[in-house]
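User: I should like to understand how the terms used for a protein structure follow from its computed values. May I put some questions to you?

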Amino acid sequence: MEIEKNYRINSLFEFYEPLLTNKQKSYIQLYYGDDYSLGEIAAEFSVSRQAVYDNIKRTEKILEGYETKLHLYHAFVERNHEVDAISDYIKQHYHGDATLTKMIQQLVNLEADSE
């Protein structure tokens, strides 16, 4: 469960990072991205552990709120599932078709560039 939450918060952070304050970005990056403890972040910013905890929890809610309204992460996941399904179909039924394989790779590259 904890790994799934970490993955989700990191993913939401990738999409909505520009909408956060510098402090929110720093705390989330250090806590979820760099695996710092609350105490390490508190020492880094000369604040209490509780202040860091509160900020992280508030930022998690903000990120979830953005996703509820904008659905960017959900749409990204759905597109990836569709591209995977198409890719699998092409491999099964059009294995030797270099043009289709190239087109799928271009879709994958477009998605990677938009992150």
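User: How many salt bridges does the count come to?

Analyst: The structure is a predicted model. The count comes to 3 salt bridges.

User: What makes the meeting of Glu60 and Lys5 a salt bridge?

Analyst: A salt bridge requires a side-chain nitrogen of Lys or Arg within 4 Å of a carboxyl oxygen of Asp or Glu.

User: Why is the pair of Glu64 and Arg8 called a salt bridge, and what does the pair tie together?

Analyst: The side chains of Glu64 and Arg8 meet at 2.9 Å, N to O. This value is within 4 Å, so the pair is a salt bridge. Since Glu64 belongs to helix α4 and Arg8 to helix α1, the pair ties together parts that are 56 residues apart in sequence. Glu64, at 28% relative accessibility, counts as partly exposed, and Arg8, at 31%, also counts as partly exposed.

User: What separates Glu60 from Lys57 in helix α4?

Analyst: Glu60 and Lys57 are 3 residues apart in helix α4, which means a separation of about one helical turn. Their closest N and O atoms are 3.4 Å apart, and the two residues form a salt bridge. Lys57 counts as partly exposed, at 27% relative accessibility. Lys5, Lys57 and Glu60 are linked in a network of salt bridges.

User: Why are α3 and α4 called roughly perpendicular?

Analyst: Two packed helices are described by the angle between their axes and the distance between the axes. The axes of α3 and α4 come within 8 Å and cross at roughly 105 degrees. Angles of 65 to 115 degrees count as roughly perpendicular, so the term applies to α3 and α4. Their contact is made by Leu38, Gly39, Ile41 and Ala42 of α3 and by Arg49, Val52, Tyr53 and Ile56 of α4.

User: How do you know on which side of α3 its buried residues lie?

Analyst: The buried residues of helix α3, residues 38–45, are Leu38, Ile41 and Ala42. They cover an arc of only 100 degrees around the axis, which means that they lie on the same side of α3. Ala43 and Glu44, on the other side of α3, are exposed. The buried residues of α3 pack against α2 and α4.

User: How do you know that the span of helix α5 agrees with its number of residues?

Analyst: Helix α5 has 22 residues, 72–93, and at 1.5 Å a residue these should span 32 Å. The end C-alpha atoms are 32 Å apart, so the two values agree.

User: Which residues of α5 are buried, and what covers them?

Analyst: The buried residues of α5 are Tyr73, Phe76, Val83, Ser87 and Ile90. Their arc around the axis is only 110 degrees, which puts them on the same side of α5. What covers them includes α1, α4 and α6.

Definitions and conventions
Residues numbered from 1 in each chain as written. Predicted model: local features only at pLDDT ≥ 70, side-chain atom pairs only at ≥ 80, totals over all residues. Heavy atoms only, no water. Helix = DSSP H or I, 4+ residues; strand = E, 2+ residues; numbered from the N terminus. Expected span 1.5 Å × (residues − 1). Buried < 20%, exposed > 50% of the residue type's maximum accessible area, 1.4 Å probe, protein only. Arc of directions from axis to C-beta. Contact = heavy atoms within 4.5 Å. Axes fitted to C-alpha atoms, helices over the stretch in contact; angles between N-to-C directions. Parallel < 35°, antiparallel > 145°, perpendicular 65-115°, else oblique.
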